[in-house]
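Subject: Structure handover

Hello,

Here is the structure I promised to pass on. Please open it first, then read my notes below.

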Amino acid sequence: MSLKIVVLAKQVPDTRNVGKDAMTAEGTVNRAALPAIFNPEDLNALEQALRLKDQNPGSTVGVLTMGPPRAGEIIRQGLYRGADTGWLLTDRLFAGADTLATSYALATAIKKIGNVDIVIGGRQAIDGDTAQVGPQVAQKLGLAQVTYAEEILKCENGKLTIRRHIDGGVETVEAPMPCVITVNGSAAPCRPCNAKLVMKYKRATCPMERKEGDAYAYLYDERPYLTLNQWSVADVDGDVAQCGLSGSPTKVKAVQNIVFQAKESKTLTSSDADVEGLVKELLDEKIIG
């Protein structure tokens, strides 16, 4: 069966080495000061979508992302790997969105895309680590959801069979389509970019990405597929009050890297005396008992 699959992907600031300029005065992440990367777990989700496309002839995969014009790079990265299309939600009114406002914007875009069979994204983004957007999108769309997915095993009779990770092991579940799936970073890594697709889509841009005097401007008339979909709040019939900062009750006060350092260490052998001494110390400190 042919499927219409939308991959939720995010261009995130690389927060692994944040400095003093990582936050704005308003308490949001200063994206301009940090290098931008494809959110790692969204790449795992993209791979699951592309596998479904490979297994179901006639299926399409589209990448949906929200951000400034430079986030169009996420769509290109999807196209290089085998996606068919993409949509960039870009508007100053989307800026500063927390999970609530982000899920609202994505849900309105998915409604505009229409007739979607599967919405799939990473479990969480590394700039927030909340794991809330996928479930919130499912709730706003009224769809079934499967979280912590490791692999989509089968698609037949309008249902997906999915293996998911749970505390203490794994379980296999069935979900009716349409549905929303979030994928763990422990799932299969995404395939590399395809050289032919890179050559085909390397000039693909959203209108807001283009500069005056571009030597390749003529290509956009000759090859319509090089113009990526670009939507504003108005384009998706969004409620301004539920978008961006105005629709975001969450306020981030600071972002810090926490490194745990041992103040002291002790080396023990496997002798009975050392083991007994350790147990006594743990009992005395009421760590066990």
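Start with one residue. Ala 195 lies in helix H5, which covers residues 195–201. Is Ala 195 buried or exposed? Ala 195 is exposed, at 59% relative accessible area. Now look along the chain to Val 240, which is 45 residues away from Ala 195. The C-alpha atoms of these two residues are separated by 41 Å.

Keep in mind that this is a predicted model.

**The whole chain**

The chain has 289 residues, and 42% of them are buried. It holds seven helices and 11 strands. Its C-alpha atoms fill a box of roughly 80 × 50 × 40 Å along the principal axes.

Nine strands make an open sheet with mixed pairing. Read across, the order is E9-E8-E7-E10-E6-E1-E4-E5-E11. Which strands stand at the edges? They are E9 (169–176) and E11 (229–231). Each has a single partner strand, so one side of each has no neighbour in the sheet. On average, neighbouring strands are turned by 30° against each other, direction ignored.

A reminder on pairing: strands of a sheet pair through backbone hydrogen bonds, either parallel or antiparallel. You can find both here.

- Parallel: E4 (residues 60–66) pairs with E5 (residues 85–89) over five bridges. Val 63 stands opposite Gly 86 in E5.
- Antiparallel: E7 and E8 (residues 159–166) are joined by six bridges. Ile 152 has Ile 162 in E8 as its bridge partner.
- Antiparallel again: eight bridges join E8 to E9. Here Ile 162 stands opposite Val 173 in E9.

E7 and E8 have two residues between them, and Asn 157 in the turn has a positive phi of about 55°. E8 and E9 also have two residues between the strands. In that hairpin, Gly 168 takes a positive phi near 90°.

**Helices**

Helix H1 (residues 40–55) lies across E1 (4–8), E4, E6 (118–122), E7 (144–156) and E10 (179–183). H1 runs at about 150° to E6. Helix H3 (residues 99–113) packs on the sheet too, where it touches E1, E4, E5, E6 and E11. The direction of H3 makes about 145° with that of E4.

Helix H7 (residues 272–284) has 13 residues. From first C-alpha to last, H7 reaches 18 Å, close to the 18 Å expected at 1.5 Å a residue. Just after H7, Lys 286 takes a positive phi of about 60°.

**Cysteines**

Cys 155 counts as buried because its relative accessibility is 16%, and the cut-off for buried is under 20%.

Best wishes

Conventions. Residues numbered from 1 in each chain as written. Predicted model: local features only at pLDDT ≥ 70, side-chain atom pairs only at ≥ 80, totals over all residues. Heavy atoms only, no water. Helix = DSSP H or I, 4+ residues; strand = E, 2+ residues; numbered from the N terminus. Buried < 20%, exposed > 50% of the residue type's maximum accessible area, 1.4 Å probe, protein only. Pairing = 2+ DSSP bridges. Axes fitted to C-alpha atoms, helices over the stretch in contact; angles between N-to-C directions. Contact = heavy atoms within 4.5 Å. Expected span 1.5 Å × (residues − 1).
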